Amino acid sequence: MVDDTHIYVGDYTMFGPNVTVATAGHPILPELREKAYQYNMPVHIGRNCWIGSGAIILPGITIGDNVVVGAGSVVTKDLPSNVVAVGNPCRVLRPINEQDAKYYFKGRKIDYEAL
């Protein structure tokens, strides 16, 4: 966590290993970098999210509730609630849907009685 300003994380959110959440950035203009100019923008991560291994979340990003961010993704833009998002740059792959209420992983059914 590069927390030069606030990082907000909702309840029940999980992080995989080697996730980077960065609130600090530097300008593109070389003259400003020579002067060690830095900006800081808060990051907001919603409730009940899962941030996959090695994901990178850049300054100023807001991630909605119930979002799954795939492993290795680079989040450069805000993500709405209730989606699966993956890639570099990270993009919404699909909404969370009724299939996700039946199967937890590759055709393996959720045993609601065991819960």
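The model is a predicted one, in which local features need pLDDT of at least 70 and side-chain atom pairs count only at pLDDT 80 or more, while totals for chains, interfaces and linings use all residues. Residues are numbered from 1 along each chain as its sequence is written, and side-chain values use heavy atoms, with hydrogens and water left out.

We may begin with the sheet. Strands here are DSSP runs of E with at least two residues, numbered from the N terminus, and two strands pair if DSSP finds at least two bridges between them. Strands β7 (residues 50-51) and β10 (residues 68-69) run parallel and are joined by 2 bridges. Within this pair, I51 stands opposite V69 of β10.

Both of these residues lead on to the core. A nonpolar core is a set of buried Ala, Val, Leu, Ile, Met, Phe, Trp, Tyr and Cys residues joined through side-chain atoms within 4.5 Å, where buried means under 20% relative accessible area, exposed over 50%, and partly exposed in between (1.4 Å probe, protein chains only). The largest such core holds 17 residues, and those with the most contacts inside it are I45, I51, I57, I63, V69, V75 and L79. At least two residues of this core come from each of β6 (43-45) and β12 (83-86). With contact taken as heavy atoms within 4.5 Å, and neighbours within four places in sequence set aside, the partners of I45 include F15, V21, I51, I57 and I63.

T23, in the loop between β3 (20-21) and β4 (24-25), is buried, with a relative accessible area of 0%. Its side chain reaches the backbone nitrogen of T5 at 3.4 Å. D78 sits in the loop between β11 (74-75) and β12, and a polar atom of its side chain lies 2.9 Å from the backbone nitrogen of T62.

Finally, a salt bridge is a side-chain nitrogen of Lys or Arg within 4 Å of a carboxyl oxygen of Asp or Glu, and the count comes to 1. It links the side chains of D100 and R94 (2.8 Å, N to O). D100 is partly exposed at 27% relative accessibility, and R94 is partly exposed at 30%.

Note on methods. Helix = DSSP H or I, 4+ residues; strand = E, 2+ residues; numbered from the N terminus. Polar contact = N/O pair within 3.5 Å; in protein donor to acceptor, adjacent residues only side chain to side chain.
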